[in-house]
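Biologist: I would like to learn how to read this model feature by feature. Could we go through it together, with the general idea before each case?

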Amino acid sequence: MQPEQLHVTLTFLGDIDPAIVPPIEAVLADVAAGHAAFDWRIHGVGVFPNRERPAVIWAGVEPADCFRKLAGSLSPRLQPLGYEPESRPFTPHLTLARVRGRVPHALPDWLDRYSATTFAAGRVSRIELMQSERTPAGQRYSVLAVAPLQKTASDTRQQSVRKPGR
């Protein structure tokens with residue numbers, strides 16, 4: 001997977017009718033208005049559901065609480081649009097790969113080696129409604145809607161430093 005395709009799925013909606021995009025966009029804007037932008041990092045690796053039968057290889061994202069709060073705010077607001085909340089607890093992560101067939105021989109050692117590694121860091125400043133399309137080359141993602149999170153004082157300071165000509 002290309003780095004620009006990595007994303008944290010706050011809630012999976014499945015196939016959606018294009019007519020429902022504007023109401024979903026309004027929900028995203030409402031949720032984003034109640035949450036401040038935050039710093040995050042990609043830290044550690046693991047598998048779902050477990051090491052004996054891994055189906056998904058993932059990288060963790062922190063702070064998990066910030067992602068959980070966003071996901072928790074979305075669920076009740078999407079319910080009136082016909083989207084039932086996920087029955088499993090939300091675990092924020094980046095999906096790196098899916099395991100099909102035989103488990104790679106080196107996977108357990110790789111998981112041990114990188115379980116406490118920080119790979120990257122950045123800033124979460126928006127929520128996006130993403131569309132995924134399966135292609136012969138793999139998943140392709142496109143953005144259908146964007147809702148900016150509330151700016152913090154540090155965001156405002158950083159913008160003033162970046163103004164052209166100053």
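Modeller: Gladly, and we can begin with helices. Helices (H or I, at least four residues) and strands (E, at least two) are DSSP runs, numbered from the N terminus. The expected span of a helix is 1.5 Å times one less than its number of residues. Please keep in mind that this is a predicted model, where local features need pLDDT of at least 70 and side-chain atom pairs count only at pLDDT 80 or more, while totals for chains, interfaces and linings use all residues. Residues are numbered from 1 along each chain as its sequence is written, and side-chain values use heavy atoms, with hydrogens and water left out.

Biologist: How many residues does helix H2 have, and what distance does H2 reach from its first C-alpha to its last?

Modeller: Helix H2 covers residues 64–78, which is 15 residues, and reaches 21 Å, close to the 21 Å expected at 1.5 Å a residue.

Biologist: Which residues of H2 are buried?

Modeller: An α-helix has 3.6 residues a turn, so residues three or four places apart point the same way. Buried means under 20% relative accessible area, exposed over 50%, and partly exposed in between (1.4 Å probe, protein chains only). In H2 the buried residues are Phe67, Leu70, Ala71, Ser73, Leu74, Ser75 and Leu78. They pack against helix H1 (21–33), S1, S2, strand S4 (118–124) and strand S5 (126–135), where contact means heavy atoms within 4.5 Å.

Biologist: In what order do the strands of the open sheet come?

Modeller: Strands of a sheet pair through backbone hydrogen bonds, either parallel or antiparallel. Two strands pair if DSSP finds at least two bridges between them. Here four strands form an open sheet in the order S3-S2-S1-S4, with antiparallel pairing. Strand S3 (93–98) and S4 each have a single partner strand, so one side of each is left without a neighbour in the sheet. From one strand to the next, the twist averages 30°.

Biologist: Which helix packs on the sheet?

Modeller: That is H3, which touches S1, S2, S3 and S4, and whose direction makes about 150° with that of S1. Axes are lines fitted to C-alpha atoms, for helices over the stretch in contact, and angles run from 0 to 180 degrees between N-to-C directions.

Biologist: How many bridges join S2 to S3?

Modeller: Five bridges join these antiparallel strands, S2 and S3. Val56 stands opposite Arg98 in S3.

Biologist: How many salt bridges does a search of the whole structure find?

Modeller: Side chains of opposite charge can pair when their charged atoms come close. A salt bridge is a side-chain nitrogen of Lys or Arg within 4 Å of a carboxyl oxygen of Asp or Glu. The search finds eight salt bridges. In one of them, Arg51 pairs with Asp112, with the closest N and O atoms 2.8 Å apart. This pair links distant parts of the chain, 61 residues apart: Arg51 is in the loop between strand S1 (38–48) and strand S2 (56–62), and Asp112 is in helix H3 (residues 107–114). Arg51 is partly exposed at 42% relative accessibility, and Asp112 is partly exposed at 48%.

Biologist: Which peptide bonds are cis?

Modeller: Most residues other than glycine have a negative phi, and most peptide bonds are trans. Among the cis ones here is the bond from Phe48 to Pro49, with omega near -10°; Pro49 is in the loop between S1 and S2. The bond from Glu62 to Pro63 is also cis, with omega near 5°, and Pro63 lies in the loop between S2 and H2.
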